[in-house]
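Open your viewer and get ready to select residues one after another. This tour tells you what to pick next and what you will find there.

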Amino acid sequence: MSRRAIRDLWRAGIVLVLVMMVPVMMALPGVVHAGDQISDEQARTLLEGLDASGFEAKGEAVERVAASTASQRERWLQALLEGRLARERRGDHFYIITDDGGREWPIIDAITLEDVGTGSRRTINTITINNTLRTQIEGALAAMSLTAGDVKARLAAARALVGTVDAISVARVEDTLAEEESLAVREQLETALALHRVQQGDVDALETLRGHLDTRVRNTLVPLAEGDGELASEARGVLAGIERKREWHQRVQTLFFGLSAGSILVLAAIGLAITFGVMGVINMAHGELIMLGAYSAWWLQQLLPGQPGLALILAIPFGFLVAAAFGIAIERSVIRFLKGRPLETLLATFGVSLILQQLVRTVFSPLNRAVASPEWLRGSWQVTEALSISYSRLAVLIFCLVVFAALWAVMRFTRLGLEVRAVTQNRDMARAMGVRAARVDMLTFGLGAGVAGLAGVALSQITNVGPNLGQNYIVDSFLVVVFGGVGNLWGTLVAGMTLGVLNQVLQPWVGAVLAKIVVLVGVILFIQKRPQGLFPPRGRVS
Amino acid sequence: MSQVCTGSSGAGGVRRSMGHLSDRTTMLTCAVLVSAAVLVVGLNLLPSDHALHVGDATVSLLGKYFCYMLLALAVDLIWGYLGILSLGHGAFFALGGYAMGLYLNAQGTNIDGWQAWLGHFPLMALAVVLAPGLLALVFGWLAFRSRVTGVYFSIITQAMTFALMLAFNRNEMGVGGSTGLTRFSELLGMPLNSHAMTVALFVASVLAVLLAFVICRMMTTSRLGRVCIATRDAEARTRFLGYRVEHVKLAVFVVSAVMAGIAGALYVPQVGIINPGSFAPLFSIEVVVWVALGGRATLFGALIGALVVNWLKTVLTTEMPDAWLFMLGGLFVVVTMALPQGIAGLAASMRRQKGGAVHE
């Protein structure tokens with residue numbers, strides 16, 4: 001059930017990505033660049049300007065190059081910036097050094113861009129620049145990519161301009177802005193210009209900067225906000241607004257971190273909510289079932305080298321089955337003989353957990369294993385400057401919700417779910433009605449164990465896989481189930497998310513470890529106050 | 001000590017108590033403890049090249065076992081007689097141990113602040129009793145008052161010791177962080193690694209176990225003990241009969257915690273280190289299997305269990321370290337499924353069949 005749902009989810013995701021790519025594709029043909037090729041002689045003149053004596057003259061030459069239509073200008077400026085543009089010692093040829101390691105440098109002709117063998121310190125002379133010039137060249141390069149390339153490249157170039165616009169380049173940026181069509185690029189350009197104008201003392205330009213989260217905007221405004229005058233007081237106002245907005249975005253970020261941490265807790269605890277919450281069986285080996293799920297993800301990845309994505313998708317059903325098989329084996333061999341003796345069940349399953357841990361240690365190794373993430377789970381989605389959401393965490397959150405929904409549907413709509421609820425509420429009556437209670441026990445336990453395996457597969461994307469993986473989650477998982485109210489899947493979801501968010505909210509104040517302690521103590525106290533948890537079962541459940 | 005009637009009337013679903021042993025058992029246990037102590041000390045006095053000589057290292061190891069036995073007694077007192085399964089008794093043990101560790105740390109060095117206060121022996125002794133005692137009092141009061149029982153209690157005790165482990169791992173606590181406290185030099189002006197100190201600590205541990213055993217025995221055979229067993233077997237009924245079940249539970253829980261704290265305090269100078277590992281949930285739950293193997297609600301069973309399991313652990317972790325967790329895990333499963341009354345139960349059923357003496 002959950003497998004199908006997950007497949008559908010991926011399909012939906014792929015469609016979404018394709019739809020999002022359409023505007024990018026359409027923007028591509030819009031930037032046909034018509035450059036009239038200049039003659040070699042004109043090119044040589046431009047290059048000679050760059051080799052002028054005195055940095056000021058060089059600066060003027062850079063502007064000339066940038067304004068020219070030479071198709072090689074970007075290569076020249078890039079090479080100049082990196083100290084790889086050189087002139088023949090005796091002669092008028094200019095070269096670009098393609099690799100400046102070693103003594104003999106491979107060089108290409110700067111005008112024809114053809115390979116012309118090698119040069120060395122004795123035959124060619126590199127053209128030097130200073131810091132002012134460097135900033136200017138960077139600005140010029142950024143401006144150049146502003147008019148060339150697709151929206152993405154222009155946007156990156158415009159973003160790089162923020163804070164680097166100076167008196168020389170301002171005219172160029174203004175021209176570009178007049179011709180630019182993309183809104184996102186325009187916004188960056190306007191920010192860059194406004195920042196420059198504010199630095200020149202233009203108070204009105206501050207309006208454009210209101211609510212900008214870019215750190216460069218903030219860094220420029222902070223020195224301006226000091227002192228007296230209209231500009232300073234206005235800048236203080238803008239800064240305060242930026243600060244408020246940034247805080248708000250960070251709160252959203254904290255909430256997201258909390259929800260993703262909470263979804264891990266929920267995933268780890270949701271299987272327990274079935275075996276402990278619904279069946280009333282204390283399974284201390286639950287953490288080890290999670291570990292087995294994580295190991296099956298790792299093992300599949302060893303079987304399918306180079307295909308982490310496929311391995312991960314296959315690991316979802318495989319991890320479920322492995323953990324479910326172990327779970328059913330535990331139920332058949334140990335737990336069913338200890339029915340109605342919760343403390344003994346606790347001890348026996350703890351023994352099983354030790355055996356499983358040592359088994360994994362002996363079979364695989366005591367070392368932690370890293371499970372690679374597939375391409376589409378790496379990186380993060382930069383929503384705004386102060387808010388980024390990593391794909392792996394987002395995937396875990398979605399996965400958790402899907403698993404929860406699937407589990408809820410199983411309990412609510414299937415025959416098995418009906419029988420489980422019947423056996424839970426009144427075992428004898430259910431048996432009298434023809435429910436095979438022993439079989440229901442076995443399948444329920446298998447389901448709970450399988451979900452633990454799914455949690456393990458998800459965890460393999462967040463942390464390393466090792467024999468002690470399960471131990472780290474067992475205390476938390478039990479607390480989540482007890483906190484949420486035993487026998488209540490919704491309670492587990494709410495409790496897990498609450499604890500996750502609470503932990504993240506506390507962390508900046510008291511540190512990670514103390515936050516965890518505070519949450520633990522809080523839950524302990526809460527259970528004293530309300531032993532039945534957040535959502536106590538209504539009526540009499542025997 | 002009075003003779004307790006053996007025929008406990010088992011209500012539906014209530015298992016027969018194992019706790020009703022004749023006074024002969026008490027006497028036998030005390031005799032075994034005393035003679036073991038005398039034997040070990042005597043053999044230690046033999047010249048070191050003698051075949052039966054027991055070295056200082058072995059005496060220390062045995063002393064460590066006796067501390068574990070005291071801890072097992074504490075767990076048996078509440079689990080065996082009250083049915084409270086604490087998965088956090090290692091926390092009380094460790095708190096006592098830290099009190100002793102801080103005292104030892106303050107010897108011969110200039111430490112100021114709150115740690116200097118623990119440098120005085122009487123204050124340390126007070127801390128050994130008060131730290132676990134107060135924690136148990138507050139924790140137990142909160143838990144028993146709101147009638148947190150059964151596995152819920154077990155889970156929150158486990159969470160308690162887990163939280164304490166995290167806390168003591170922090171360097172900001174000023175108690176050594178994750179390394180813990182070690183490199184102790186002297187106790188009461190005597191070097192810790194001296195021969196006399198080793199023997200003295202061993203004797204102190206044996207005496208502590210002996211004293212605790214007698215106190216537990218008196219408690220469990222008194223009226224209080226019978227209320228405890230009644231609470232274990234039918235809590236609601238006991239409450240309806242007018243007993244303040246919460247008070248009984250709290251009192252015994254605190255006594256048990258203090259015993260665990262003393263065990264920890266005796267353990268630290270003999271082992272020479274205390275670190276947050278003692279707070280680990282695994283250690284606390286290991287203690288439970290000692291008691292389960294020895295036999296719940298027998299007191300002497302806890303002593304046997306602690307000795308057997310720890311001896312096995314010492315042998316196995318050195319001989320074949322991989323096998324130890326299999327062994328321990330297997331013990332949990334086998335004991336709960338096949339040997340619910342533990343070694344003591346096995347011995348009792350053998351005695352019933354043969355009429356012979358209790359012997360392991």
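One definition before we start: a residue counts as buried when its relative accessible area is under 20%, as exposed when that value is over 50%, and as partly exposed in between. Keep in mind, too, that this is a predicted model.

**Stop 1: chain B as a whole**

Colour chain B by secondary structure, and you can look for 14 helices and four strands. Chain B has 360 residues, and 55% of them count as buried. Its accessible surface comes to about 15400 Å², with 66% of that belonging to carbon and sulfur atoms. Now think about contacts in chain B between residues with a separation of 6 or more: 77% of these are made by residues 24 or more positions apart.

**Stop 2: a pair of rings**

Over all chains, the structure holds 27 aromatic pairs. Select Y98(B) and F279(B) to see a stacked one: the ring centres are 6.0 Å apart and the planes meet at 20°, and planes under 30 degrees apart count as stacked. Where does each partner of the pair sit in chain B? Y98(B) belongs to helix 3 (residues 89-105), while F279(B) is in the loop between strand 4 (273-274) and helix 11 (281-294). Are Y98(B) and F279(B) buried or exposed? Both of them are buried.

**Stop 3: more aromatic residues**

Next, select Y68(B), F93(B), Y267(B), F283(B) and W290(B) together; these residues form one aromatic cluster. Then show W141(B) with R145(B): the charged end of R145(B) sits over the ring of W141(B), 4.6 Å from the ring centre. You can find another such arrangement at W79(B), where the charged end of R296(B) sits over the ring at 4.4 Å from its centre.

**Stop 4: a patch on the surface**

Switch to a surface view and pick W117(B), L123(B), L126(B), L130(B), L134(B), L137(B) and V138(B). Together they form a nonpolar surface patch with about 670 Å² of accessible area. Which helix gives the largest share of this patch? Helix 5 (residues 121-145) of chain B does, with six residues. L126(B) has a relative accessible area of 48%, so it counts as partly exposed.

**Stop 5: two backbone angles**

Here is some background for this stop. Most residues other than glycine have a negative phi. Now click on A297(B), which is not a glycine and yet has a positive phi of about 55°. A297(B) is in the loop between helix 11 and helix 12 (300-319) of chain B, and its relative accessible area is 2%, so it is buried.

Move over to chain A and select L113(A), also not a glycine, with a positive phi near 60°. L113(A) lies in the loop between strand 3 (105-109) and strand 4 (115-119) of chain A. Its relative accessible area of 32% makes L113(A) partly exposed.

**Stop 6: a helix residue in chain A**

Finish at Q188(A), in helix 8 (residues 183-199) of chain A. Q188(A) is buried, with a relative accessible area of 10%. What is Q188(A) in contact with, leaving aside its neighbours within four places in sequence? Show L155(A), A158(A), R159(A) and V162(A) to see these contacts. For R159(A), draw a distance between C-alpha atoms: R159(A) and Q188(A) are 29 residues apart along the chain, and the separation is 5.8 Å.

Conventions
Residues are numbered from 1 along each chain as its sequence is written. Chains are lettered from A and ligands numbered from 1 in the order in which they are written. This is a predicted model: local features need pLDDT of at least 70, side-chain atom pairs count only at pLDDT 80 or more; totals for chains, interfaces and linings use all residues. Side-chain values use heavy atoms; hydrogens and water are left out. Rings of Phe, Tyr and Trp (its six-membered ring) pair if their centres lie within 6.5 Å; planes under 30 degrees apart count as stacked, over 60 as edge-to-face and the rest as tilted. Helices (H or I, at least four residues) and strands (E, at least two) are DSSP runs, numbered from the N terminus. Buried means under 20% relative accessible area, exposed over 50%, partly exposed in between (1.4 Å probe, protein chains only). A charge sits over a ring if NZ of Lys or CZ of Arg is within 6 Å of the ring centre and within 35 degrees of the ring normal. Contact means heavy atoms within 4.5 Å. Accessible areas come from the Shrake-Rupley method with a 1.4 Å probe; for residues, only the protein chains shown count as cover. Patches are made of residues with over 30% relative accessible area and no salt bridge: like charges are joined within 9 Å, nonpolar side chains (Val, Leu, Ile, Met, Phe, Trp, Tyr) within 5 Å. A salt bridge is a side-chain nitrogen of Lys or Arg within 4 Å of a carboxyl oxygen of Asp or Glu.
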